Amino acid sequence: MASFDFCRSLIRDIPDFPRPGILFKDITPLLASPRALHIVLDGIAERFIGEQISAIAGIEARGFIFGGALAARLNTSFVPVRKPGRLPAAVDRVELVTEYSRDALEMHRGSLHEGDRVLVVDDVLATGGTASGAAALVHKQGAYVIGYAFVVELSQLGGRERLLPVRVESCVAY
């Protein structure tokens, strides 16, 4: 079985979660498999080796899992992008609309430097709203988004198109 096919086999469908009509892609079985986790992390890291990434911006919550491990593999810093009220110091904030609701994201001020090259990481790309919000935070600090990386991409929801022309990588697409 090809590597990403193995990962796909571990992702389960949960109908009507978090609300009726949504088919949720549950990656927790993938996280429970050391082999699958290594496949995903190595697969993403290999695509960005040599890109001189200054920081990984990981989106709460599962973007922390992949983003932190990728930062270690790519020898760069990790910057958490959080929901409101969860960071203790001064923050930059952006309002956004996701596939489920209106929300906001925050990042500590001064997390990035002018001209930094940032990779935005999350578990799932759906409509691209959350990733776009994270990018807005990166730009507020004078840095550049050089790419987006996701474990799962829900292609029919058009998130990739929303993030273009910036590079978008995913491991498993539906």
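## The Glu-60 side chain and Lys-83

A polar atom of the Glu-60 side chain lies 3.0 Å from the backbone nitrogen of Lys-83. This is a polar contact, defined as a pair of N or O atoms within 3.5 Å; within protein, one must be able to donate a hydrogen and the other to accept it, and residues adjacent in sequence count only if both atoms are side-chain atoms. The model is a predicted one, in which local features need pLDDT of at least 70 and side-chain atom pairs count only at pLDDT 80 or more, while totals for chains, interfaces and linings use all residues. Residues are numbered from 1 along each chain as its sequence is written, and side-chain values use heavy atoms, with hydrogens and water left out.

Glu-60 is located in the loop between strand 3 (55-59) and helix 4. Helices (H or I, at least four residues) and strands (E, at least two) are DSSP runs, numbered from the N terminus. With a relative accessible area of 14%, Glu-60 is buried; buried means under 20% relative accessible area, exposed over 50%, and partly exposed in between (1.4 Å probe, protein chains only). When neighbours within four places in sequence are left aside, Glu-60 is in contact (heavy atoms within 4.5 Å) with Val-81, Arg-82, Lys-83 and Arg-86.

## Surroundings of Pro-84

Pro-84 occupies the loop between strand 4 and strand 5 (91-97). Its relative accessible area is 31%, and Pro-84 is therefore partly exposed. Beyond its neighbours within four places in sequence, Pro-84 touches Arg-93, Asp-103, Ala-104 and Glu-106. For Pro-84 and Ala-104, a separation of 20 residues in sequence accompanies a C-alpha to C-alpha distance of 6.3 Å.

## Aromatic pairs

A pair of aromatic rings is described by the distance of the centres and the angle of the planes. Rings of Phe, Tyr and Trp (its six-membered ring) pair if their centres lie within 6.5 Å; planes under 30 degrees apart count as stacked, over 60 as edge-to-face and the rest as tilted. The count by this rule is three aromatic pairs. One of them is the edge-to-face pair of Phe-64 and Phe-78, at 5.8 Å centre to centre and 85° between the planes. Because Phe-64 belongs to helix 4 (residues 62-73) and Phe-78 to strand 4 (residues 77-81), this pair ties together parts that are 14 residues apart in sequence. Phe-64 is partly exposed at 26% relative accessibility, and Phe-78 is partly exposed at 30%.

Tyr-148 and Phe-150 form a stacked pair, because their ring centres are 6.4 Å apart and their planes stand at 10°. Tyr-148 is buried at 4% relative accessible area, and Phe-150 is buried at 1% relative accessibility.

## Charges over rings

A charge sits over a ring if NZ of Lys or CZ of Arg is within 6 Å of the ring centre and within 35 degrees of the ring normal. Arg-8 lies over the face of Tyr-174, 4.7 Å from the ring centre. Arg-35 is placed over the face of Phe-6, at 4.0 Å from the ring centre.

## The chain as a whole

The chain contains six helices and nine strands. Of its 174 residues, 47% count as buried. Among contacts with a separation of 6 or more, 59% join residues 24 or more positions apart. Along the principal axes, the C-alpha atoms fill a box of roughly 45 × 40 × 30 Å.
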